[in-house]
Amino acid sequence: MPSLLPLVTMSIPEQLPADIVSCIIEQATSNEPSLSKLVQLSHINSVFVESCCSVVSTRVRSVIRTFMDDGVMDSLFKILESVHGLIGGSVALDVIEPDFFIDHPPGDIDIMTPSGTMTEWVGWCDSHGFVDRETGEVNPDREDSTKSILWVRMHNGMELKIHQSQSSSVLLTLLSSNLMLQMNTISPFRIYCFYPWMTINGILISCQGSPTTYDIDQLECRLIEYYWSTCLWNRPCGRGCPMIWHLSYGVGMYEWSRRAHLSYDVFAETHLQWGIGNDCYNVHCPYRVQEID
Ligand SMILES: [Zn+2]
């Protein structure tokens, strides 16, 4: 019978004081700040779970604090909670992979909101005196998923971009993003990453629509590898294959707020299927389309 001794001696005692655990986490994440590292550390024991959650919670707030003070941030989380909205774009990616943003921090905040909730957002903007607003143009590729876009300039000149979904779920607009790396998001309670392996490795594939040259420039200056398709890859596509359909139910997520277990979870409530394309021509991929000579 195999001995369990090595496992037992390697385990870290539960009673390790919280301040020592904080030092261990700080040390372990100083060169590797990825959320995936914190998730790994969370698996050690309950003291690590608590400490990692507090590191992530501080990180979420500090990324958003670049755009607004704590009072506005608290009211932003409140409205997101009440309308079941999400924060997406580079802010969500910065929380997950801060390394990409060291020299080029996020320029604006993208908010995804369900259909029929724009009135609440206009009321929220008015209550903070954010009257400098204009309606943005929805990219024709995304008209099926996104009903409207509202640009809001705050008093400090920073911008919020509110994307209204065509459906009662924000997932529709989020999962029809033009770029795979935009499929990361933060709710007032949780963080969701749809393509964890590719996100961690900074690999990005274009999705159904066409990303703008601005989007691509932004990614390239952050040293993220961009591919318009997997067809020239010299390896199988894996989870990034356009032929694979994914189910939103059961997607990987991290609870960054202690109230998460009491809250609405859009992903548990909505069952949506998505894929990033209609065909795959990567010769190394088992799902590729067989070309007819
Ligand atoms: Zn493929």
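## Packing of α2 and α3

Helix α2 (residues 18-30) and helix α3 (residues 35-42) have axes that come within 10 Å of each other and cross at roughly 145°; axes are lines fitted to C-alpha atoms over the stretch in contact, with angles from 0 to 180 degrees between N-to-C directions. The model is a predicted one, in which local features need pLDDT of at least 70, side-chain atom pairs count only at pLDDT 80 or more, and totals for chains, interfaces and linings use all residues. Residues are numbered from 1 along each chain as its sequence is written. Helices (H or I, at least four residues) and strands (E, at least two) are DSSP runs, numbered from the N terminus.

Ile25, Ala28 and Thr29 of α2 meet Lys37, Leu38 and Leu41 of α3 (contact: C-beta atoms, placed from the backbone, within 7 Å). By class, this contact has 4 nonpolar, 1 polar and 1 charged residues; Ala, Val, Leu, Ile, Met, Phe, Trp, Tyr, Cys and Pro count as nonpolar, Asp, Glu, Lys and Arg as charged, and the others, Gly among them, as polar.

## The two sides of α5

Leu76, Phe77 and Leu80 of α5 are buried (20 or more other C-beta atoms within 10 Å of the residue's own; exposed, 12 or fewer; partly exposed, in between; C-beta atoms placed from the backbone). These three lie on the same side of α5 because they cover an arc of only 95° around the axis, taken from the directions from the helix axis to the C-beta atoms. Gly71, Asp74 and Lys78, on the other side of α5, are exposed.

The cover over the buried residues of α5 includes β1 (86-88). Just after α5, histidine 84 takes a positive phi of about 65°.

Note on methods: Contact = placed C-beta atoms within 7 Å.
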